[in-house]
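Here's a quick briefing to read with the model open beside you.

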Amino acid sequence: MRFSLKRTSLWRQNGFIKLWTGQTISLFGSAITTLALPLTAITILHATTFQMGLLLALGQISPLLFGFVVGAWVDRLRRRPLLLIADLGRVLLLGLIPLMSLLHLLRIEVLYLVSFFMGVLTVIFTIASTSFLPSLVERKHLVEGNTALQLSQSAAQIIGPNLAGVLIQLVTAPVAIIGDCLSFFLSAFFIWRIDGGETEAVSPTSRQNLWVEIRAGLRSVVRNPILRALATANGVANIFWGVQLSLLLVYMTRELEINALWIGIIYACGNVGFLVGTLLAKRVVQWWGLGSSLIGASLLSIIGALLVPLAHGSLLEVALLLASAQFLTVCPLIIYHIHEVSLRQTITPNHMQGRVNATMQVISWATTPLGALVGGWLGESIGVRSTLFVVVAGLLFAQPWLWFSPLRALRTLSIEEPSKVATFV
């Protein structure tokens, strides 16, 4: 897929370019923390399997606790200031880890707190940025805009783990996190430079009771059969992706005895799937249709999950298999993600974007911390490898919610007015 200035005006819109630039920089920085934070817990603080599950759960529980409220705020307030608050807050939070490590005060409880509040700020940023994008670009450019943002994430996922692995080997995991602090600061700078593109915030006189607005967002998802199917399937699947996430680094470092440098290489090689999935997303839908692509992509990702517990042999053999598992998991999930988000943005009126996006996050993503806790418990009860086989069975259980829904009949992404595409009560 190529982006041409002659074909589209997307890349002539300064607001989108600044949002894209800021998010691209922060994504590269976040690739460091994704590896450095859990490795800090494992290698420096010697966290147990359950502690690792709890650490991931605390980072992922924020959508459940605050998603609905944040969604209502996003629809009430200007979205750009919320993005700035989230970025600058993450600078301060992450800075605590290298500082306390250098002072020899770092404890697992500190990582728990940082992980939790980072999750809160990430919920604010994610909901606000997803809701902000339709204000910056026309709805017919939403797929291309989301694809551009996903391309940035793909590049970060490919390059970032390698850089993170080398950086961690050189300066230790806690100190490497300073790079992510800098990336969030630069992201805030570019977002601060965005002018226009956002409608006026809802006036206090026109606001309803906060809980009435939250219920309206929840009803919008529950009463729409397409959004309901996506949210339910995502919620069930993410329980088991949460199980895998909580155990993957423990599995690689302790059972397979892979060091940080090799882990970075495995993630980087496997995460070529981010780039391939992003480049193929539009073409796959042209081949299969929107509904079939979403269902097929979610099924293909399960093959990657199956390869993880099958890893054995020499270091090279294990590395190749895990890299393949990463690719076969990530590539179809990126195709799924791009079109799922674009479909959601397209059928949602602008004044409901925050609440609908928040509701989808709460329903579909708030189950990840449950999976992390279950993963930590199962990992200690039946073993890490056996638990990773349970993940595959759980992912298969999530599929019928997509199969037996109106989603299967969708061929293209409509760009009609949202009120004509879906009913929101």
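What follows covers helices, salt bridges, a surface patch, loops and cysteines.

This is a predicted model, so keep the cut-offs in mind: local features need pLDDT of at least 70, side-chain atom pairs count only at pLDDT 80 or more, and totals for chains, interfaces and linings use all residues. Residues are numbered from 1 along each chain as its sequence is written, and side-chain values use heavy atoms, with hydrogens and water left out.

**Helices**

- Helices here are DSSP runs (H or I, at least four residues), numbered from the N terminus.
- α5 has 29 residues and runs 41 Å from its first C-alpha to its last, close to the 42 Å expected at 1.5 Å a residue; the expected span is 1.5 Å times one less than the number of residues.
- α5 is mostly covered, with 24 of its 29 residues buried; buried means under 20% relative accessible area, exposed over 50%, and partly exposed in between (1.4 Å probe, protein chains only).
- Helix α9 (residues 210-222) has 13 residues and reaches 19 Å between its end C-alphas, close to the expected 18 Å.
- The buried residues E213, I214, A216, G217, S220 and V221 belong to α9. They sit on the same side of α9 because they cover an arc of only 155° around the axis, taking the arc as that of the directions from the helix axis to the C-beta atoms.

**Salt bridges**

- The whole structure holds 3 salt bridges, each counted when a side-chain nitrogen of Lys or Arg is within 4 Å of a carboxyl oxygen of Asp or Glu.
- R90 and D87 pair up at 2.9 Å, N to O. They are 3 residues apart in helix α4, so about one helical turn separates them, and both R90 and D87 are buried.
- E340 bridges to R344, with the closest N and O atoms 3.1 Å apart. These two are 4 residues apart in helix α14, so again about one helical turn lies between E340 and R344.
- E340 is buried at 4% relative accessible area, and R344 is buried at 8%.
- R107 meets E109 with a closest N to O distance of 3.3 Å; R107 is exposed at 52%, while E109 is partly exposed at 39%.

**Nonpolar patch**

- L280, W287, W288, L300, I303 and L328 make a nonpolar surface patch of about 560 Å². α12 (272-288) and α13 (290-307) are the elements that give two or more residues to the nonpolar patch, and the largest share, 3 residues, comes from α12.
- Patch residues have over 30% relative accessible area and no salt bridge; like charges are joined within 9 Å, and nonpolar side chains (Val, Leu, Ile, Met, Phe, Trp, Tyr) within 5 Å. Accessible areas come from the Shrake-Rupley method with a 1.4 Å probe, and for residues only the protein chains shown count as cover.
- L328 lies in helix α14 (residues 315-346) and counts as partly exposed at 33% relative accessibility.

**Loops**

- Most residues other than glycine have a negative phi.
- H46 has a positive phi, near 55°; H46 is in the loop between α1 (14-44) and α2 (49-60) and is exposed at 59% relative accessibility.
- H104 also has a positive phi, near 60°; H104 is in the loop between α4 (79-102) and α5 and is exposed at 72%.
- E138 is in the loop between α5 (108-136) and α6 (142-171) and is partly exposed at 42%.

**Cysteines**

- There are 0 disulfides in the structure, counting pairs of cysteine sulfur atoms within 2.5 Å.
- C181 is buried at 10% relative accessibility, and C331 is buried at 9%.
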